[in-house]
Amino acid sequence: MEGGSIKNLGIAKSYIQGTKAGAFVAQVTQTDNVLIDNCFSDETVTVIGGRNHQAGGIVAYAQNQTDLTAKLEISNCYT
């Protein structure tokens with residue numbers, strides 16, 4: 001994902017698996033600007049990460065270095 005918004009989304013009865021696995025976003029890095037608002041993944045969602053175990057109910061992996069401008073904002077969400 002290179003930026004954008006995810007709003008008013010619910011995920012249920014799902015199986016998500018990957019090297020970096022997240023219910024809504026797998027990875028946020030470098031100059032990405034991502035907003036996740038008013039979202040949920042419930043107890044029927046299974047998220048499985050790869051061998052590095054990078055998995056999350058909302059986001060699997062977020063990284064920013066001091067010279068980059070990545071921004072991840074999560075509000076009103078639950079998992």
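What share of the contacts in the protein with a separation of 6 or more comes from residues 24 or more positions apart? Here are some friendly notes to read beside the structure, which is a predicted model.

1. To take that opening question: residues 24 or more positions apart account for 77% of the contacts with a separation of 6 or more.

2. Now the elements. The protein has 11 strands and zero helices, so if you trace the chain from the N terminus you will read β-β-β-β-β-β-β-β-β-β-β.

3. Next, the inside. The protein has 79 residues, and 29% of them count as buried. The largest nonpolar core is made up of 12 residues, among them Ile6, Ile11, Ala23, Phe24, Val34 and Ile58. Strands β5 (25-28) and β6 are the elements that give two or more residues to this core. In soluble globular proteins, nonpolar side chains tend to be buried together.

4. Leaving aside residues up to four places away in sequence, Ala23 touches Ile11, Ile16, Ser41, Val47, Gly56, Gly57 and Ile58.

5. Back to Asn33, which belongs to strand β6 (residues 33-37). Is Asn33 buried or partly exposed? Asn33 is partly exposed, because its relative accessible area of 42% lies between the 20% and 50% cut-offs.

Terms used:
Residues numbered from 1 in each chain as written. Predicted model: local features only at pLDDT ≥ 70, side-chain atom pairs only at ≥ 80, totals over all residues. Heavy atoms only, no water. Helix = DSSP H or I, 4+ residues; strand = E, 2+ residues; numbered from the N terminus. Buried < 20%, exposed > 50% of the residue type's maximum accessible area, 1.4 Å probe, protein only. Core = buried A, V, L, I, M, F, W, Y, C linked by side-chain atoms within 4.5 Å. Contact = heavy atoms within 4.5 Å.
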